[in-house]
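Please report on the structure shown below. Cover the aromatic pairs, the metal site, the sheet and the charges over rings.

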Amino acid sequence: MGLKTKDLLGVSSLTSDEIRLILETSESFKEVSGREIKKVPALRGKTVVNLFFEPSTRTRTSFELAAKRLSADVINFSPSTSSIVKGETLLDTARNIESMQADIIVLRHSSPGAAETLAKGVRSSVINAGDGWHEHPTQALLDLFTIKERKPNIEGLTVTIVGDIAHSRVARSNIFALTKLGATVRLVAPPTMIPLHVDRFGVSVFSSLDAGLEGADVIIMLRLQLERLGRAFFPSIREYARLYCLTMDRMKRAKPDVMIMHPGPLNRGVEIAPEIADSQSAVILDQVANGVAVRMGLMYLLSGSGQA
Amino acid sequence: MNMLIRGGTVIDPGQFHGLGDVFIRAGKIEAIGEHLSIAESDMVELTIIDAQGLVVAPGFVDLHAHLREPGFEHKETIETGASSAVAGGFTSVCCMPNTSPVNDNQAVTEFILSRAKQAGKANIFPIGAITKGSEGVELAEIGDLFAAGCVAISDDGRPVMNSQVMRRAMEYAQAFDLPVVDHCECLHLSDGGCMNEGFVSTELGMPGIPNASEDVMVARNIALAELTGARLHLAHLSTAGSVRLTRQAKANGIPVTAEVCPHHFSLTDEAARDFHANAKMSPPLRSAADVEALKEGLADDTIDTIATDHAPHAIQEKQMEFDKAPFGIVGFETAFPLTMALVEEGVLSLERAIEKLTSAPARAFSLKKGTLAVGSDADVVLLDPSHSWVIDPTQFHSKSQNTPFTGWNVKGKVIKTIVAGTIVYGSD
Ligand SMILES: [Zn+2]
């Protein structure tokens, strides 16, 4: 069994079986990362291009490491906005890159739908590494993977996502992934950061953090984009922190074995208290490690190696 | 040169509806009626057109188009725009001032009119800017624009945010009895959005433009029209709220007219799901409930006219990422079949559909067009309402092909277009 499509554009187009397949495949690659020689020949001779229109050292490094551990050749391509020839479309850029015989293009772009547009225009497999506020599917997959390590049965878990839901691709991909696997999803944010009709995803919405944390199995804290300040989404970082920062005290409302997740980088003291980030409940560093395994599993499947 | 259009179903909204002939002499409608007998002296150089099975109507009048010249000739020129217009049955086109330079002074208006004269084909009526450079600060020389031939004023695409400036423009325009046309959009509420704000934008992670962005400006403009008594024309209504507000304003006797574009009653925001910018326009495609409200507004005459908002863009511009691509689609050559779908659906009778493309828009801007009355300019269109065809933008006469209707199977075709007694589209 493999994946139906040549690309991974978002979680919304994956079936729950496909999600499970990616997670299972990734497990065996997690083991590779624990070995002395962290390398397998699965993608030898293949080329992976990291095409990052937005800077993101973390995500790019994770993909790069994953590709290298699979023995692929990796090219990093970060067209700064200035070096893009005016008038050149994303598709033009991508076709140039495809002519480098790229087997997989990993795309990070500020426009929603950029990965889908790219995938329609090239033969290479496209992995969406974040497109605007739309999706960040590998983040959601690595979050699921991390949850399953401690709580193997996702179905029935209560997962609370806290922060700027409206502008978060991590939130969207996680909502799609978690609801597909049968988790109960709660969203907590000031109403200015809740997008219209989000309840139609089958989630419940809270403006009170305390209420949203009640009995939660997993808490995903989103990074507050500080540039939202001054655009009337919230009055001050001080007040945001007072209302929405996850503190030890507030965490007590959740289950005793609650897992605390964060896609990074952290604003310590804004959305998450430093002592929580460093506590036993936090799995933030596991998320980073698992990111490599999940991206290995995914690239392995997309390269066709997963086909029987 | 004389012309006899024989045996068609003549529909001159509110004036004539039945089998008949239309006789044209020297570019004017000379006679209309059943089995016209033509004098011997008129038989010389007489072109006879057999219109059996066709509808003969006044040429369409479009109150809202972007012809892009001067400044954006890679998208469209007045010549290609006029060719596209007449291919869509439009014999009179009002062109918006958001050219480069902006049509905010006599010289630009005169340039447009001289280019239109060279191009021939359609009648072009420029719309002047409300403010200098459409910057929303100082009034343009509206008196000069009027004297040069502008038929209305608008800052379409860059709506006047300052309500006091808008009030003054409405007051001032009354000196020339000019309609003030507003693209009703609160740019603060739109906030860089690129599609309708709703469930689809939430799912796609796309910055949204709420209905309220339009509604608050419709409400503002109606209040200002009530205050000033100016002739207000509301461009491209897209929301249920603005239909409701306009209906109420008309009931209260406020001098307001309104238009709707075919794409707004033919598509919803679901069309944005494939992230192609051919589904990106301003105002954006809305929800199914809004589409229903627009149809009700057309049916009860809250919405007076159908206008195209023809907005050509080059292929590479529309191939850009959805949020970065420009707003707008071409509209002339798809307007009639999309309007015919409303007739099929029973929203409008054929005669009322034609009215909203002819006499109603002409009335809104006081144009002596959109009629087959004896003595009027012989701008005539021959239509086959039952002709089925597939929309193929490569066949468009426009320079641009940015349409979301590619491959649509539609009914209703423009067969021939006549301007001032001369055939400008369709073989003779
Ligand atoms: Zn407009």
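Rings of Phe, Tyr and Trp (its six-membered ring) pair if their centres lie within 6.5 Å; planes under 30 degrees apart count as stacked, over 60 as edge-to-face and the rest as tilted. Ring pairs link B:Phe60, B:Phe90, B:Phe332 and B:Phe336 into a cluster.

This is a predicted model: local features need pLDDT of at least 70, side-chain atom pairs count only at pLDDT 80 or more, and totals for chains, interfaces and linings use all residues. Residues are numbered from 1 along each chain as its sequence is written, chains are lettered from A and ligands numbered from 1 in the order in which they are written, and side-chain values use heavy atoms, without hydrogens and water.

**Aromatic pairs**

Over all chains, 11 aromatic pairs are counted. Two of them are tabulated here.

| Pair | Centre distance | Plane angle | Class |
|---|---|---|---|
| A:Phe176 and A:Phe201 | 5.2 Å | 90° | edge-to-face |
| B:Phe60 and B:Phe90 | 5.4 Å | 70° | edge-to-face |

Helices (H or I, at least four residues) and strands (E, at least two) are DSSP runs, numbered from the N terminus. A:Phe176 sits in helix H6 (residues 169-180) of chain A, and A:Phe201 in the loop between strand S6 (184-188) and strand S7 (204-206) of chain A, so the pair ties together parts 25 residues apart in sequence. B:Phe60 in strand S6 of chain B and B:Phe90 in strand S7 of chain B are 30 residues apart.

Buried means under 20% relative accessible area, exposed over 50%, partly exposed in between (1.4 Å probe, protein chains only). A:Phe176 is buried at 8%. A:Phe201 is buried at 13%. B:Phe60 is buried at 0%, and B:Phe90 is buried at 0%.

**Zinc site**

Donors are N, O and S atoms within 2.8 Å of the metal (3.2 Å for Na, K and Ca); water is not among the atoms, so sites may look incomplete. B:Asp156 (OD), B:His183 (ND1) and B:His236 (NE2) are the protein donors of the zinc ion, 2.0 to 2.2 Å from it. Their spacing along the chain is D-x26-H-x52-H. Both B:Asp156 and B:His183 are buried.

**Sheet in chain B**

Two strands pair if DSSP finds at least two bridges between them. Eight strands of chain B form an open sheet with parallel pairing, in the order S6-S7-S8-S9-S10-S13-S14-S15. Its edge strands are S6 (60-65) and S15 (305-306) of chain B, each pairing on one side only.

**Charges over rings**

A charge sits over a ring if NZ of Lys or CZ of Arg is within 6 Å of the ring centre and within 35 degrees of the ring normal. A:Arg295 lies over the face of A:Phe63, 4.7 Å from the ring centre. The charged end of B:Lys413 is over the ring of B:Trp389, 4.3 Å from its centre.
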